[in-house]
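Please keep the sequence and the structure at hand while reading.

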Amino acid sequence: MAKFVIDANVAIKWVLPEIYSDRALSLLDNDHDELLVPDFFFSEITNILWKRTQRGELTLEAADKKLSEIKQVDFAVFDSLDLVSQALATAVQVKQAVYDCVYLTLAIEHCCQMVTADERFINALRQGSSIDCVVWLGAVGEGGG
């Protein structure tokens, strides 16, 4: 069974039509994959939905329905407290947000890949050894994920 760490910018594409939503949805099509997330993943998803309500793109009811859809996914959820020390060291090294590095740390600890739609984050990792642990969503379904 393949394992993938899914960050919030990938999962939100399951419920909001965006570029590469089809590729994000393909991660749900495979019943044999295990999807891993840190515990704050749900707060990040909820914050994205909140922003969409503030911009008038979603009603509260629609946002709550989309949140419920994501909560139905069978995730393996991990305590971020166990990941933050290594994530801090990585964040300092690659000059990226600790939040993103928690996802990366989770992938490294579980010997799997993190799937992200954040090209800026991937570009920051290109100089280091962690790049092998990250897959850009745009490459999913094209031999890259």
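Val98 counts as partly exposed, at 33% relative accessibility, where buried means under 20% relative accessible area, exposed means over 50%, and partly exposed is what lies in between (1.4 Å probe, protein chains only). Val98 has its place in helix α6, residues 98-109; helices (H or I, at least four residues) and strands (E, at least two) are DSSP runs, numbered from the N terminus. Together with Leu88 and Val92, Val98 forms a nonpolar patch on the surface, with about 260 Å² of accessible area for the three together. Accessible areas come from the Shrake-Rupley method with a 1.4 Å probe, and for residues only the protein chains shown count as cover.

This is a predicted model, in which local features need pLDDT of at least 70 and side-chain atom pairs count only at pLDDT 80 or more, while totals for chains, interfaces and linings use all residues. Residues are numbered from 1 along each chain as its sequence is written, and side-chain values use heavy atoms, with hydrogens and water left out.

Which residues of α5 are buried? They are Ala87, Thr90, Ala91 and Val94. These residues lie on the same side of α5 because they cover an arc of only 105° around the axis, the arc being that of the directions from the helix axis to the C-beta atoms. On the other side of α5, Ser85, Val92 and Gln93 are exposed, and Val92 also belongs to the nonpolar surface patch with Leu88 and Val98.

Side chains of opposite charge can pair when their charged atoms come close. The structure holds 5 salt bridges, a salt bridge being a side-chain nitrogen of Lys or Arg within 4 Å of a carboxyl oxygen of Asp or Glu. In one of them, the side chains of Glu18 and Arg52 meet at 2.4 Å, N to O. This pair links distant parts of the chain, with Glu18 in the loop between α1 (8-11) and α2 (21-29) and Arg52 in helix α3 (residues 41-54), 34 residues apart. Glu18 is partly exposed, with a relative accessible area of 24%, whereas Arg52 counts as buried, at 15% relative accessibility.

Arg52 also forms a salt bridge with Glu57, the closest N and O atoms being 3.4 Å apart, and Glu57 is partly exposed, with a relative accessible area of 43%. Another salt bridge joins Arg120 and Asp118, whose closest N and O atoms are 3.3 Å apart. Arg120 counts as exposed, at 51% relative accessibility, while Asp118 is buried, with a relative accessible area of 13%. Salt bridges that share partners join Lys13, Glu18, Arg52, Arg55 and Glu57 into one network.

## A patch of negative charge

Asp39, Asp79, Asp82 and Glu109 gather on the surface in a patch of negative charge. Patches are made of residues with over 30% relative accessible area and no salt bridge, with like charges joined within 9 Å and nonpolar side chains (Val, Leu, Ile, Met, Phe, Trp, Tyr) joined within 5 Å. Lys and Arg count as positive and Asp and Glu as negative, while His and the chain ends are not counted; the place of a charge is taken as NZ of Lys, CZ of Arg, CG of Asp or CD of Glu.

Asp79 is found in the loop between β3 (75-78) and α5 (84-94) and is partly exposed, with a relative accessible area of 37%. Glu109 lies in helix α6 and is likewise partly exposed, with a relative accessible area of 46%. Glu109 and Leu83 are 26 residues apart in sequence, and their C-alpha atoms are 8.9 Å apart in space.

## Loop residues and backbone angles

Where is Tyr20 found? Tyr20 is in the loop between α1 and α2, and its phi is near 70°, a positive value in a residue other than glycine. Tyr20 is partly exposed, with a relative accessible area of 24%. Lys95, in the loop between α5 and α6, has a positive phi of about 55° although it is not a glycine, and Lys95 counts as exposed, at 69% relative accessibility.

Asp132 lies in the loop between α7 (119-125) and β5 (134-136) and counts as exposed, at 61% relative accessibility. The C-alpha atoms of Asp132 and Met114 are separated by 9.3 Å, the two residues being 18 residues apart along the chain.
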